[in-house]
Structure formats: structure tokens, C-alpha cells
Amino acid sequence: MHPSLFNQTPADLADLLEGLGEPSYRGRQILEWLWQKRSTSIDEMSNLPARLRDHLKASFSLRSLTHVRTQGSRDSTRKFLFRLHDECHVECVLIPASPALHGERAHRRTLCVSSQVGCAYGCRFCASGLDGFTRNLTADEIAEQVLLAEELSGEKVHNIVFMGMGEPLANLPQLLKAFELITAPWGLGIGARHLTVSTSGLAPQIRKLADHPQQIRLAVSLHGASDKVRNRIMPVNRKWPLSELFDALHYWTKRKNQKITLEYILIDGVNADLAQAGLLAQHAKSLRAKVNLIPCNPVEGLPWKRPDEPQCRAFRDSLVKNGVSATLRLEKGHDIDAACGQLRLKEEKKGRKDVD
Ligand code: SF4
């Protein structure tokens, strides 16, 4: 498999063109064919000389992702499943804004993208971790999810959250390169403030990302307000317990001067009691963080149950009473296995059965 032309930055192309004795402006032309004209074939690049097109065809592939399936409808959450060149699968989820919550910005779409195939972190409530880790995605495989979601939906993506399959901070070099492809004016041209990285709590990488110059936003999958509860459902907490995680988060807020979002899945009998709400309020206030509460989604093969609505409301009200900005969202796409990793698991299990 050749490297993807979509993975080439202007600097990469400048080196390549210099080596071929081609003028440097060809780099701009190539990027325009890729990102603005959304070329699906090198043969379409009609303003490039035939010798250069031949060289590109012999040395690079173009699209790395093949669309397999879409679930969901135009006015709701849609999930796209893609096959990679090595028969692995990834998925991304296109989420419309809620008119009730977003008013004038209700036309804005958020895309939740994957950064790895599978995940090594094994959070106990997550379908992506069920089958372990397969591999990191390359930067073009990450950015191409945006390109294809726009093409398949016919809609512009305004915000990107790195919250799909995988732990994005465990794939930091490719993630940083994907930021470049996504934010550059020659690339997708989406502003860094519209990118949110969601991590399960890799403290050293949070510090590294805090030192990255772009104003990327950060969300943390907290899901437990004490080490005891978090250890039970998030093995990552044994490596970086809450004290280390919060040190890193304070470093982030100092460097970025930005509000962090704490994501908190409510699981009946595990983390949805008022004692956890009290501790969560203390953590959130110390960071001046917002809290997103998400009643858990049932996942095939996992035992967790969502608390009933009065319990979810009582948890949210307890945070608000303590002065924390908290939202309770009934998760979109509940009906289409929107929790990350579920569609891919079904596809890969089906593939295995077909082979058996
Ligand atoms: S929640 Fe995120 S970090 Fe945890 S297993 Fe799932 S994909 Fe990995």
C-alpha cells in the first residue's frame, strides 16, 4: 500500500517536487485538487503535467477509506462505517445541533471521529475497548472521515470531537498532524477552536497537548469522582489516578486559559449517587469546568444500566446547586448504537462469522 497523497503537507510536497525538478507552485495545485476540488482520482488533476501525474500514481494512493454503511437519517444523528485498506473498520458520527439548545447555530454539525482501530484502555462501559487495540490511524485516515462525512451527507461539518473509537492522546503524533490537515487553509479550514480532544485521562499527554500552540479544546471522560469508583470502570485510573489527572488539568487551564468539559456517563449502581455528585462538584469547581452528564447507553455484552430520569435529574440538580454548570443530555443516536465502537464491532464479528 502506497502512502496517501492526503497525508502530504505543503512542506512534504515542496521536498517531493524539488526532487522531481518540478516548480513549487505544483504543490498548491495538488492540494487544491485534494481538499477543495475533492478529487477522487489523480487522473482528474488536469493542470498537472502527465509525467507528474504518472509519478504521483506510481507513488501514492488517494482515498484510504471506503464507505460501507450509513445508519440514521438526515434530521438525526448519522453514523458512518468505513473500511480501511487493511480490512479494519472505523466509524464516525455526525450529530446535528439541537435547535432548543443552539438557537441560531442549530444548522451547525458536529462530527465525532475515531483516532484508533479499537482501544487499549478497556473502559468497562465502552464497546471500542471490548475487542482490544488493533492499530493507530494515520493523520489522513483521521481527516478523511471529515471529508467523507461531508460528501456523504452533503452537509458542512463545523465542529470536530475526537471522541470516537480509540484514545486520541495515545496516538499523539498522528493526531497533531491531523490537526494540521483539518485546520490549515489549504486543508479543511476548520478553526482549531472548533476541535475538541476527548481523553480518558492520559496525564503526561494532556501536558504535552497543553504546550501545543493551537487553541484546541479539551474534554475529559471522568465518569467517576473518586479513585475507588474510577478504578472500577476505567483501568487508566490505576496508572494516572485523579490527583495526577487533576494536576495535569490545572496545568492545561493555566496554559490555555480555557474551560475544560468533564464528561460523566451515569451508570446505575456505580457512579450515579449523590455522594459522587458532591465530589464531582468539588472537582469541577476547582477547575472551573463544565460537566456533561450522559445517561449510559446499553452496550451488547456489557452489564450496565442507565439510571431512571428522576435519578439523573437529581444528580444534575445537585451539581447545579453547588454552583457547577452542568447539562444532562439524553444521548443522541441512542437508537442507532451511537456509543463509539458498536457498529464496527458488529461489522467485524459478521466478517469473522462469514470466514468461520
Ligand atoms: S471510552 Fe475511550 S479510552 Fe475508554 S475504551 Fe472507549 S475508546 Fe478507549
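Visitor: How many helices and strands are there in the protein chain?
Guide: This is a predicted model. The protein chain has 13 helices and twelve strands.

Visitor: How do you know which parts of the prediction score under 50?
Guide: Each residue carries a pLDDT, a confidence from 0 to 100. The chain averages 90, and 89% of the residues score at least 70. Residues 332-339 stay under 50, with 22 contacts beyond four places in sequence in the model. Residues 352-356 also stay under 50, with zero such contacts. Where pLDDT is low, the predicted coordinates should not be read in detail.

Visitor: What makes Gln282 count as buried or exposed?
Guide: Count its C-beta neighbours inside 10 Å: there are 12. A residue is exposed at 12 or fewer. Gln282 therefore counts as exposed. The residue is found in helix 11, residues 274-287.

Visitor: How far apart are Gln282 and Gly323 in sequence and in space?
Guide: They are 41 residues apart in sequence. In space, C-alpha to C-alpha, they are 9.7 Å apart.

Visitor: Which residues of helix 7 are buried?
Guide: Helix 7 covers residues 203-210, and Ala203, Gln205, Ile206 and Leu209 are buried there.

Visitor: How do you know where those buried residues of helix 7 lie around the axis?
Guide: Look down the axis of helix 7. The buried residues fall within an arc of 160°, so they line one face of the helix. They pack against helix 6 (172-183), strand 8 (195-199) and helix 10 (242-256).

Visitor: Why is strand 10 called mostly covered?
Guide: Being buried takes 20 or more other C-beta atoms within 10 Å. In strand 10, residues 261-266, five of the six residues are buried. Hence "mostly covered".

Visitor: What makes strand 10 a partner of strand 9?
Guide: Pairing needs at least two bridges. Strand 9 (residues 217-221) and strand 10 have three, so they pair. The two run parallel. Ala219 stands opposite Thr261 in strand 10.

Visitor: And how do you know that strand 10 pairs with strand 11?
Guide: Six bridges join strand 10 to strand 11 (residues 290-295), in the parallel sense. With at least two required, they count as paired. Ile265 has Ile294 of strand 11 as its bridge partner.

Visitor: Which elements make the β-α-β unit, and what is its handedness?
Guide: Strand 10, helix 11 and strand 11 make it, and the unit is right-handed. Right-handed means that, with the strands pointing away from the viewer, the path over the helix runs clockwise.

Key
Residues numbered from 1 in each chain as written. Predicted model: local features only at pLDDT ≥ 70, side-chain atom pairs only at ≥ 80, totals over all residues. Helix = DSSP H or I, 4+ residues; strand = E, 2+ residues; numbered from the N terminus. Contact = placed C-beta atoms within 7 Å. Arc of directions from axis to C-beta.
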